[in-house]
Amino acid sequence: EITVSGNVTFNGGNTNTLLTAGVLEVGGDFSQASCCTSSPHFAASGTHRVVLNSPGAPQTVNFQDPGSTTSDSHFQDLEIANTGGGVTFATNVFANGALSITSATTASGPGTVIVAGDLTTAAGSAVTVSGLNLAGAMAVSGSLSPGTTTFTGAGQSIQPGLAYVNMTVTGTPLASGATALSGNLTISGGTLNLNGQVVTVAGTFATSGTGTLTMQNPADRLTV
């Protein structure tokens, strides 16, 4: 375990296969810069976990070469435990594992957070990033209202009762309760199964590419 009270910047050599376990606690901003080489300066994998835990100030995350492959920079598991003003995602950020928000804090900013694993959030937390792409399960105890929430996984349950804005489906999720969107619903290359639930869309509804809508239960209802 490494604990850093200040800022952390990765702008060195190739870290692929080198960050496979352990915990990096960061009290300041986290940056992956790109100065002179195209190598993945921060490519965590395995059980490696980064914890953003400033007790008294906001934190910012910035990746100049974000991506999920071994040639890109990314987190594995990411935990937000900030109690000093929240975390701002200034750029797109990939977490190839889980994202957990364990304090009553905010996750905001113009970036899209792409999560390959599960999402868990604590009561009193708020997720308002520009975009959230999720492939795993949801266990949201706080509020969640990204600009666009994209479901990319197989057989996911869409957690009901959240303040979704826009929603995009590229995987095969299922509605699991009454779900309301204040924006648009787009099924793009995936399948949304209403699963006997009511989905209400305040904006527009569209399918594109190979996207499909499944309504095979008499209780299915889509209101646009």
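Predicted model: local features only at pLDDT ≥ 70, side-chain atom pairs only at ≥ 80, totals over all residues.
Which residues does Y164 touch, not counting residues up to four places away in sequence? Residues are numbered from 1 along each chain as its sequence is written, and side-chain values use heavy atoms, with hydrogens and water left out.

**View A. Contacts of Y164.** Leaving aside residues up to four places away in sequence, Y164 touches M138, L144, T149, F151, I158, Q159, T179, A180, L181 and S182 (contact: heavy atoms within 4.5 Å).

View B. Seven strands, paired in parallel, follow the order 1-3-5-7-10-13-16. Strand 1 (2-4) and strand 16 (138-140) are the edges, each pairing on one side only. Strands here are DSSP E runs of at least two residues, numbered from the N terminus, and two of them pair if DSSP finds at least two bridges between them.

**View C. Strand 1 beside strand 3.** Strand 1 pairs with strand 3 (residues 23-26) in the parallel sense, over three bridges. Look for T3, whose bridge partner in strand 3 is E25.

View D. Q32 is found in strand 4 (residues 30-32) and is buried, with a relative accessible area of 0% (buried: under 20% relative accessible area, 1.4 Å probe, protein chains only). A polar atom of the Q32 side chain lies 2.8 Å from the backbone nitrogen of D65. Not counting residues up to four places away in sequence, Q32 touches residues including F10, H41, F42 and S73.

Technical notes
Helix = DSSP H or I, 4+ residues; strand = E, 2+ residues; numbered from the N terminus. Buried < 20%, exposed > 50% of the residue type's maximum accessible area, 1.4 Å probe, protein only. Polar contact = N/O pair within 3.5 Å; in protein donor to acceptor, adjacent residues only side chain to side chain.
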